[in-house]
Amino acid sequence: MIKHKVSPQKIIIVFTGILFGIFLLLPMVTILFKSFCEDGNVTFKFYANLFSDGSIVKAFGNSVLVSSVSGVITTVLAFIPAYAINYTNINRKIKKIISTLIMFPMLLPTITYGFAIIYSFGNQGLITKFLGGHFVDIYGMAGLIIGYVIYTLPVSFMLINNTMGYIDKKFMIVSRMMGDSRLKCFLATVITPLISTLAVSFIQSFTLSFTDYGIPAALAGNIELLSTRLYNEMLGSLPDFNTGSAVSIIMLLPSILSIILISVLNKYNIRYSKISVVELSGNRARDIIFGLISAVIILCVLSVFAVIFIVPFVEQWPYRMNFSLEHITEIFSDDSLMSVCRNSLFVALLTSVFGTLIVYGTALVSARRSEHRRYGKLPDIISLITNTIPGMVLGVAYLLCFKGTFMHNTFAILVICNIVHYFSSPYLMMKSSLEKLNAGWETTARLMGDSWIKTVLRIITPNAVSTLFEVFSYFFVNAMVTVSAVIFLASTRTMIVTAKIKELQHFANFNEIFVLSILILITNLAVKGLVRLFAVIQKKKGKSI
Amino acid sequence: MKIKKTLSAILCAVMVLTACAVLWGCTSNGNEQVIIYSNADDEAVESMKKTLDANGYEGKYVFQSFGTSELGGKMLAEGKDIEADIITMSSYYIESAQAEYQMFEELTFDVNTNEEYPSYYAPFLANQGAILVNTDVLSANGLAMPTSVKDLANPEYEGYISVVDIQGSSTAWLMIQSLISEYGEDETKEILTDIYKNAGAHIEQSGSGPIKKVRAGEVAIGFGLRHQAVADKADGLPVDFVDPTEGNFTLTESLAVVDKGDNTNSLAMEMVKCIIENGRTDLMEYYPVPLYKGEIADSDAISANSKVFPEALTVELLEKHRSLSESCK
């Protein structure tokens, strides 16, 4: 009875295949092609030109250097609050506050960080004034490192905190009882099981910094990075799309390498057969020290963002420091800025609705046991590929592939670009959550005569609702803050906030930049809050049944 | 119970989709708007908006700002396919794009300019370069007031000056023109090398970069647009300007209508005409250089030492000066 009909799983997979064929494979092939072909002939000219004057090697070297230093600093800094949460007896509420506040930078676009840093550490910056002197030159390496560390700290913390939660703390007691010194115990029972996660954290932080455009857009000074070079080749005064493609391919290589490294490292993750709940030994000094350092780290991060909430409310920074709402009312009455905000909201909503649908559909096929499960290999592969492609490279590829077609300058291209760019994480999140549900539901339901769709709607979906909402908010927040890919795709009619900030940067209109950033922040907080609220309601409901 | 949950999930989805639809309505109602791509500064854009709004075009256009090099690159890459209906841009760039793509329409109205211009664009402002100074920072650091562009190469100013990169904005060209016309290319190279060394990380991509840095006290001295320092000084900020002994050079910016064949928006030409005929008085407040017959500049608002570069300004000449500048970094 079912045989002669095309199964919905097949439809989902075919649809996904076509979608990613057009919007992932095609653009990437185009960009590769562009970098190696001129007038139909294969040529290495563009690469040769790039390497001949040595500037690309220097840019690459600068990018590697600054990203590595940031990766090390971030990993060390992220370790401390993670340790405070997992290995100290600090009050639970304080732990909760630490783990929430450290995520804060994720809610803002990286392009905002740069300006926040300028207005914090510059000659007339808030923190400079507070400390009474100029102590760091932010235009260049130092500024970039500060920016990258703030940017990648949340991701690093999440990784380390997560692994620490799965380490069996009983071994600490064993080690101490065997007479190990504190240091040895620390190295053997905390650091050793964490080694591969620390390496992954370094690589993740490195890759994020290496491919980011928002922070160097404001702070690179006269240091050329690979990302600024790519932007200038594509959108600079003398655009050269072939050379730009070659730069993209060069940028892609470290990403691919890092994804391979991460998957190898993940195999070395130590797995404990069970995690025992252990009463941690009392040690007030340890608790206070780690609590304080964590608080200082968080305060430092947050203090950099304080300017965002101060500068636009001052009449004329830094000379007329009296409170004024003039800038705010001006911005809110500027219809062009408000329409940019509406555009961003629109793109984020569409991205999250369609992104969630696609992720849910593909994860259903790959995670749930059925005769169609083998098709689930396709989304697995797509997830792996999308994970390796930096936003900037994807944006450049779209620009080259869809320039002059009906897709050019539309909202659709922004939405699809976001979905493809951010497909990987929510897909894996959804898949692992669906795998945990009872594997027999579909079979039982089918025996009862329900179709697959009915089963999905009536049984699986209600049980997956909280993950669905998490996926929704992941897409939403990222669509609101992303800049690297969409900077190449946003047009006048489809202008979104992050691309607008880049434009305002050109005129150094910091008031507008900061107010728009605040709007992004508020929107993201609202969506996160709604999702959290929904999760709480779900939990209560679950209990009452 | 489960059905109820499913229903509520569907309800949520419907609500979200409705929100999308409403936003779609809000965002796409402007499809007939004239799109204006501009490299002009804030003040100029604001002034043009004011003129258009006052003449009944409110809500019928949308401005999109770019840096000079970004917009120039876009014009060269896209030609007639460009999204814009009107472009406001440095005149030499408009001329080069026209030579390359024939992308602009002939103006359908008469322009009464002091000098002769091609028939497909109308100049709407002229920018003049000058040295900008933050008097507070200058005296706090015991620095001497510079009198020429060449002075900026003085090692005493290392770390205290900000200039524009000609890669990013043609405001830098005003400085380079003044050096080349006064000292020749070879000596200019030496001077420029020292200036870039002094500027360090304060080599700005935007023409208004130096005035922002001078205004914020990040540097003591900058080279930028004269009128901006004039306005800041009048506003009571610790900002002053110096007309360099090499002379103040000028670049004009112009309006042109993109030729899109049958799809050309008829409002575009009307708007250009409106800005030229009704907007000049207002624009002259910020950019006091006279361009049209009958315009008179305030005596102190324009430099007494205005000069014109001996060669015609073209993108090719800009390229030549750009590579000269690059060799000095």
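Predicted model: local features only at pLDDT ≥ 70, side-chain atom pairs only at ≥ 80, totals over all residues.
Residues are numbered from 1 along each chain as its sequence is written, chains are lettered from A and ligands numbered from 1 in the order in which they are written, and side-chain values use heavy atoms, with hydrogens and water left out.

**View 1. The largest nonpolar core and the surroundings of A:Phe488.** A nonpolar core is a set of buried Ala, Val, Leu, Ile, Met, Phe, Trp, Tyr and Cys residues joined through side-chain atoms within 4.5 Å, where buried means under 20% relative accessible area, exposed over 50% and partly exposed in between, with a 1.4 Å probe and protein chains only. The largest such core holds 168 residues, and A:Tyr398, A:Leu434 and A:Phe488 have the most contacts inside it. Helix H15 (residues 335-367) of chain A contributes the largest share of this core, 16 residues; helices (H or I, at least four residues) and strands (E, at least two) are DSSP runs, numbered from the N terminus. With contact meaning heavy atoms within 4.5 Å, and residues up to four places away in sequence not counted, A:Phe488 touches A:Tyr231, A:Met234, A:Leu235, A:Met392, A:Gly395, A:Val396 and A:Leu399. A second, separate core of 59 residues includes B:Tyr121, B:Leu192, B:Ile195 and B:Phe309.

**View 2. A:Thr16 in helix H1 of chain A.** This helix spans residues 8-36, and A:Thr16 counts as buried because its relative accessibility is 2%. Leaving aside residues up to four places away in sequence, A:Thr16 touches A:Thr362 and A:Ile382.

**View 3. The cysteine A:Cys401, which is in no disulfide.** A disulfide is taken as a pair of cysteine sulfur atoms within 2.5 Å, and by this rule the count over all chains is zero. For A:Cys401, the nearest cysteine sulfur is that of A:Cys417, 12 Å away. A:Cys401 counts as buried at 16% relative accessibility, while A:Cys300, at 44%, counts as partly exposed.

**View 4. The interface of chain B and chain A, with its one salt bridge.** The contact takes 57 residues from chain B and 47 residues from chain A. About 4,500 Å² is buried between the two chains, of which carbon and sulfur atoms give 58%; buried area is the accessible area (1.4 Å probe) that two parts lose on being put together, summed over both. The salt bridge, defined as a side-chain nitrogen of Lys or Arg within 4 Å of a carboxyl oxygen of Asp or Glu, joins A:Lys502 to B:Glu70, with the closest N and O atoms 3.7 Å apart.

**View 5. Salt bridges within chain B, among them that of B:Glu204 and B:Lys213.** The side chains of B:Glu204 and B:Lys213 meet at 2.5 Å, N to O, and both residues are buried. B:Lys233 and B:Asp240 form a salt bridge at 3.3 Å, with B:Lys233 partly exposed at 41% relative accessibility. B:Glu319 and B:Arg322 pair at 2.8 Å; because they are three residues apart in helix H11 (residues 315-326) of chain B, about one helical turn separates them. Of this last pair, B:Glu319 is partly exposed, with a relative accessible area of 26%, whereas B:Arg322 is buried at 5%.
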